[in-house]
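Visitor: Hi, I have a model open and would like a quick tour. Could you walk me through it?

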Amino acid sequence: LTDGTENMNGKYVNSVKQDIVVKEHNVTGITEGRGTLTKDGLSEDVNVAPDASAKNGYTEYTYTYPSEIFDKEGIYRINTVSTDKAGNTNEFTRKNEWQLYVDRTAPTITVGGVEEGGIYDTSRKEMNIIVKDSMSLDGYVVTCDGREIYRSEDGSTIEANNSVYVPAGLNQDIRITATDTAGNERIMEIENVTVSGSLFARLFA
């Protein structure tokens with residue numbers, strides 16, 4: 001693997017900006033070689049032929065997977081198979097598993113217990129937050145009038161379900177910012193939320 005390809009192994013990304021390159025060194029030379037690709041466990045219509053380059057005492061074969069073939073969401077795995085002139089077969093995935101997660105969809109956010117313009121007779125209001133991602137959720141942050149009131153520590157999961165308490169205050173703006181491991185972000189805002197045990201304060205909210 002080239003350094004760039006090695007660094008992509010196991011990564012969650014929302015786009016692939018570089019070609020994926022596998023290099024094979026063979027002393028006797030190969031009679032046949034091909035690179036294949038699977039997405040979500042299913043074979044893609046991809047057949048990468050290697051480019052040969054003579055080196056000092058061996059031949060280097062380069063399999064290049066163009067970045068544009070990774071344009072759809074999914075879990076990708078590459079495989080190269082070659083047969084040399086001595087009849088030996090070398091298969092890349094038998095020695096080293098390589099896979100890439102392409103995720104372009106931001107997490108979803110569902111909120112219960114608090115709504116926009118809501119007025120609540122309590123010293124603090126419980127809010128249930130469910131955040132889901134199709135591949136890997138990194139986490140989410142909740143702020144109230146710009147002050148952080150909750151930060152999840154779920155990391156590398158698909159779903160987070162937590163209770164968060166909105167503090168007392170008048171006409172507060174709540175913001176939930178969720179991100180996944182690929183860097184996709186979704187923001188939900190709930191405005192003008194009043195939480196107070198004081199009837200007088202609620203009347204003027």
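Predicted model: local features only at pLDDT ≥ 70, side-chain atom pairs only at ≥ 80, totals over all residues.

Visitor: Great. How many helices and strands does the chain have?

Guide: The chain has three helices and 16 strands. Both are DSSP runs numbered from the N terminus: helices are H or I with at least four residues, strands are E with at least two.

Visitor: And what is the radius of gyration of the chain?

Guide: The chain has 26 Å, whereas a compact globule of 205 residues would be near 17 Å. That value is taken over C-alpha atoms, and the globule rule is 2.2 Å times the number of residues to the power 0.38. Along its principal axes, the C-alpha trace spans about 90 × 30 × 25 Å.

Visitor: What share of the residues is buried?

Guide: Buried residues are 39% of the 205 in the chain. Buried means under 20% relative accessible area, exposed means over 50%, and partly exposed is in between, with a 1.4 Å probe and protein chains only.

Visitor: Let's move to sheets. What is the strand order in the open sheet of three strands?

Guide: The order is β2-β6-β5, with antiparallel pairing. Two strands pair if DSSP finds at least two bridges between them. β2 (20–26) and β5 (51–54) are the edge strands with a single partner each, so one side of each has no neighbour in the sheet.

Visitor: How many bridges join β2 to β6?

Guide: Seven bridges join them, and β6 covers residues 59–65.

Visitor: Which way do β15 and β16 run, parallel or antiparallel?

Guide: They run antiparallel, with eight bridges between β15 (residues 169–180) and β16. Ile-176 has Met-188 as its bridge partner in β16. The hairpin of these two strands has four residues between them, and Gly-183 takes a positive phi near 100° there.

Visitor: What about β11 and β16, parallel or antiparallel?

Guide: Those two run parallel: two bridges join β11 (residues 119–120) to β16 (residues 185–195). In β16, Val-195 is the bridge partner of Tyr-120.

Visitor: Switching topic, is Thr-80 buried or exposed?

Guide: Thr-80 counts as buried, at 4% relative accessibility. Thr-80 lies in strand β7 (residues 74–84). Leaving aside neighbours within four places in sequence, Thr-80 is in contact (heavy atoms within 4.5 Å) with several residues, including Val-22, Tyr-63, Asn-90 and Phe-92.

Visitor: Where is Asn-90 found?

Guide: Asn-90 is in strand β8 (residues 89–91). Asn-90 is partly exposed, at a relative accessible area of 24%. The C-alpha atoms of Asn-90 and Thr-80 are separated by 8.0 Å, with the two residues 10 apart along the chain.

Visitor: Now charges. How many salt bridges does the structure hold?

Guide: The structure holds four salt bridges. The cut-off is a side-chain nitrogen of Lys or Arg within 4 Å of a carboxyl oxygen of Asp or Glu. One of them pairs Lys-23 with Glu-60, with 3.5 Å between the closest N and O atoms. Lys-23 is in strand β2 and Glu-60 in strand β6, so this pair ties together parts 37 residues apart in sequence.

Visitor: Is Glu-60 buried or exposed?

Guide: Glu-60 is buried, with a relative accessible area of 12%, whereas Lys-23 is partly exposed at 35%.

Visitor: Which residue does Arg-151 form a salt bridge with?

Guide: Arg-151 pairs with Glu-148, the closest N and O atoms being 2.9 Å apart. Arg-151 is partly exposed, at 49% relative accessible area, and Glu-148 is partly exposed at 46%.

Key: Residues numbered from 1 in each chain as written. Heavy atoms only, no water.
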